[in-house]
Every structure is written in structure tokens, then in C-alpha cells.
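Take a look at the model below. What holds its parts together?

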Amino acid sequence: MSPAAAFGVDAGSTTCKAVAVDAAGEFLAFRLEATRPRLEEQAAALVSGLATDLGLGDLPPVVATGYGRGLVREAARRVTEITCHARGAFRALGYGGTLVDIGGQDAKAIRIGPNGRPVDFAMNDKCAAGTGRFLEHTAARLGVEVAELGGRALAASGEEPISSTCTVFAESEIISLIGRGADLDAIIRGLHRSLVGRIVAMARTVGLVPPLILSGGVALNSGVRQMMAEAAGMPVVLPPYPQLLGAYGAALLALEG
Ligand code: ADP
């Protein structure tokens, strides 16, 4: 008999997420926090807090994913982000495609087959320039909130090309553009173009089978979504709760024991 509820924890490098599902795998509740150095304690507090939110006396089964999954003591199993994201996306949407997960410090492209299983994947965890960190870093330099970036990129009337392929050099480029009086929104649009170009190139290595499904915190950025669709030449699908997709997939796996 399956449990009445199950939890998934995605201990990411930037955010730590916990998702609860009911016995049928329907999304029940979540908690999300910026990742803190004491991840073991943070994950324990996150799952007990979620259990309290739902009025559960005992902790339901937990599956952990994300780079810090080894530190989640409550987890009965630890599963890769590839498997969890594929599972979460297929359950949420009911079809496969190419899932691109852009997180704070890494990005992954996963081709999901028609049966929901991951067929191929590629990952960048070596270079900040293809991740959310690139946008966070440059947003801080420009004095703009990360959540505002996408709208400003889309509203720009021009675009400043950013040629550097490295976050540190891109920052120097931004400083000189600002020094020359370039329009801020045009710089932001150029930064998006640069990030999107790198991500789509990675996604092409797994085949880029439509539709393009976006997950991770950066999927909340409307500029990234629109420019990804243009660059890939295919529609972009945003699943519900894109930043929680890995934790949702982990919770579905926890239901299975
Ligand atoms: P991880 O799982 O790798 O820890 P997330 O998937 O939570 O990371 O993504 C974190 C990134 O999401 C941040 O680097 C930030 O750039 C981006 N992000 C978070 N919230 C928003 C938002 N509201 N709008 C745009 N980008 C966002």
C-alpha cells in the first residue's frame, strides 16, 4: 500500500527545496529557502517544517536529490537530479521532450523519451557563464534585482553584444559598456543572449527534441524563456512550479518506496 504522503528534498547549491505529494502523486505543499552552509541541519528543519505545515505526526518517506543529497539524513534513498527532473516533468506534463534545467551553479539538458525515461543528458557544472550565477553576478553589478532581469531584457530597444565567454571577463565588459554610456536594458539583453546561446548549444548535444521544457530557478526568467524559444526554433513549455520540479520528482519516487 502506498503511503498517504511522501516528501522530496532537492538540496541545490543555491536553493534548498522540499515538496510534499499525496498518495496519488498530486502536489500538496512546499518549502524553499536559500541554501545555507549547514545543509544537514537545514534539510532536517525543512522536512520537519513541511510535516508540521501538513499536520503530519510522523515523517513520510523522503527521497533526496541535488548536489547536497548525501547530507539529507531523513532520506531513505538518494537519486540523481537527472532521474528526478525527468520523473517530475513527465508526471506534470504527460509527455517527453528536451528538458533544460538551469540552476544557480549548473545547467543540464535531459532528453526525455516518450515513456518518461531519460534517454540522454548533458551537464555544465564547470563554468558559471551558462548558469543562474552568471545572471545573479551581473544583476548585482548593474544594481538590478534578478527577478527584474527578464522583463528588462525583453523591453530593451537595442542589444549590446557580450563577447566574453567567462563570467569574470563579462563583468569587465559590462563595466566598460557602462563607462561608454550604453543603455542598461540593452546590456541586460546582450547578457541573456550570451547565456541562452551557451545553453542551447548544450541542449543540441542531446538532440533537442521538441518541446523544450524549462526548469530550475532561471526558468522563472521570461527573457530566458522567450530567447530560448527563438534560439532553439521551437516552443518552450514551462511546467507548474519549475523551480520545484526536481524535488517533486523525488517526492514521486519516495511514494514508490
Ligand atoms: P539550484 O537548484 O541549483 O540550487 P535553482 O534552480 O533554485 O538553483 O535556481 C537558482 C537561480 O534561479 C538563481 O541563480 C537565480 O538566478 C534564479 N532565480 C531565482 N528566482 C528567480 C526569479 N524570480 N526570476 C528569475 N530568476 C530567478
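The paragraphs below go through a sheet, the nonpolar cores and some salt bridges.

This is a predicted model. Start with the sheet. Five strands form an open sheet with mixed pairing, in the order S8-S7-S6-S9-S10. Strand S8 (118–124) and strand S10 (236–237) stand at the edges. Each has a single partner strand, so one side of each is left without a neighbour in the sheet. Strands S9 (residues 212–215) and S10 run parallel, joined by two bridges. Ile213 has Val237 in S10 as its bridge partner.

Now turn to the nonpolar cores. The largest has 38 residues, and Val100, Val224 and Met228 touch the most other members. Helices and strands each supply at least two residues, among them strand S6 (97–102), helix H3 (132–142) and helix H7 (222–232). H6 gives the most, with nine residues. Val224 touches Ile102, Leu135, His192, Leu195, Val196 and Val218, leaving aside residues up to four places away in sequence. A second, separate core has 17 residues, including Ala20, Leu39, Ala43 and Leu50.

Salt bridges come next. The count is 17. In one of them, the closest N and O atoms of Arg91 and Glu26 are 3.0 Å apart. Arg91 sits in helix H2 (residues 81–93), and Glu26 in the loop between strand S2 (15–22) and strand S3 (27–34). They are 65 residues apart.

Arg141 and Glu171 also meet in a salt bridge, at 2.8 Å from N to O. Arg141 lies in helix H3 and Glu171 in helix H5, so the pair ties together parts 30 residues apart in sequence. Arg141 is partly exposed, at 41% relative accessible area. Glu171 counts as buried, at 16% relative accessibility.

Note on methods:
Residues are numbered from 1 along each chain as its sequence is written. This is a predicted model: local features need pLDDT of at least 70, side-chain atom pairs count only at pLDDT 80 or more; totals for chains, interfaces and linings use all residues. Side-chain values use heavy atoms; hydrogens and water are left out. Two strands pair if DSSP finds at least two bridges between them. Helices (H or I, at least four residues) and strands (E, at least two) are DSSP runs, numbered from the N terminus. A nonpolar core is a set of buried Ala, Val, Leu, Ile, Met, Phe, Trp, Tyr and Cys residues joined through side-chain atoms within 4.5 Å. Buried means under 20% relative accessible area, exposed over 50%, partly exposed in between (1.4 Å probe, protein chains only). Contact means heavy atoms within 4.5 Å. A salt bridge is a side-chain nitrogen of Lys or Arg within 4 Å of a carboxyl oxygen of Asp or Glu.
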